[in-house]
Amino acid sequence: YLGELSVIENENSFGFHVLQNPAVDNLVLFASSNIDYNNCSLQLFNGSGVLLYDSKVIFNNNQIKVPIHNYVPGIYFCNLKSPRGANSNIIQYSPL
């Protein structure tokens, strides 16, 4: 028995966390002040590992909003890279 999978809004080693997980219309990442806000990239993969989004991103008021309303409901993997490192989160998308 593996149990249930859930993601708690944890801050990772270089200071970002996912707001509102499960996501509704936007994937929202919040960063602490130690990230180089002008030199980050974000990748989003579906549950099968297919790359859906790959872009340089700029934080605005310590956050990034990525529209995901065109995606099918399910589990996604989010990778955020900065000069300080790279970290991943599991995102659940559940539209209203």
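This is a predicted model: local features need pLDDT of at least 70, side-chain atom pairs count only at pLDDT 80 or more; totals for chains, interfaces and linings use all residues.
Q: Is Gln 20 buried, partly exposed or exposed?
A: Gln 20 is placed in the loop between β1 and β2, and its phi is positive, about 55°, although Gln 20 is not a glycine. Buried requires under 20% relative accessible area and exposed requires over 50%. Because the relative accessibility of Gln 20 is 43%, this residue counts as partly exposed.

Q: What is the phi of Asn 62 near?
A: Asn 62 is found in the loop between β4 (51–57) and β5 (63–67), and with a relative accessibility of 29% it counts as partly exposed. Asn 62 is a residue other than glycine, yet its phi is positive, with a value near 70°.

Q: How many Å apart in space are Asn 38 and Val 57, C-alpha to C-alpha?
A: Asn 38 belongs to the loop between β2 and β3 (40–46), and its relative accessibility of 62% is the reason that Asn 38 counts as exposed. In sequence, Asn 38 and Val 57 are 19 residues apart, while in space their C-alpha to C-alpha separation is 7.3 Å.

Notes:
Residues are numbered from 1 along each chain as its sequence is written. Side-chain values use heavy atoms; hydrogens and water are left out. Helices (H or I, at least four residues) and strands (E, at least two) are DSSP runs, numbered from the N terminus. Buried means under 20% relative accessible area, exposed over 50%, partly exposed in between (1.4 Å probe, protein chains only).
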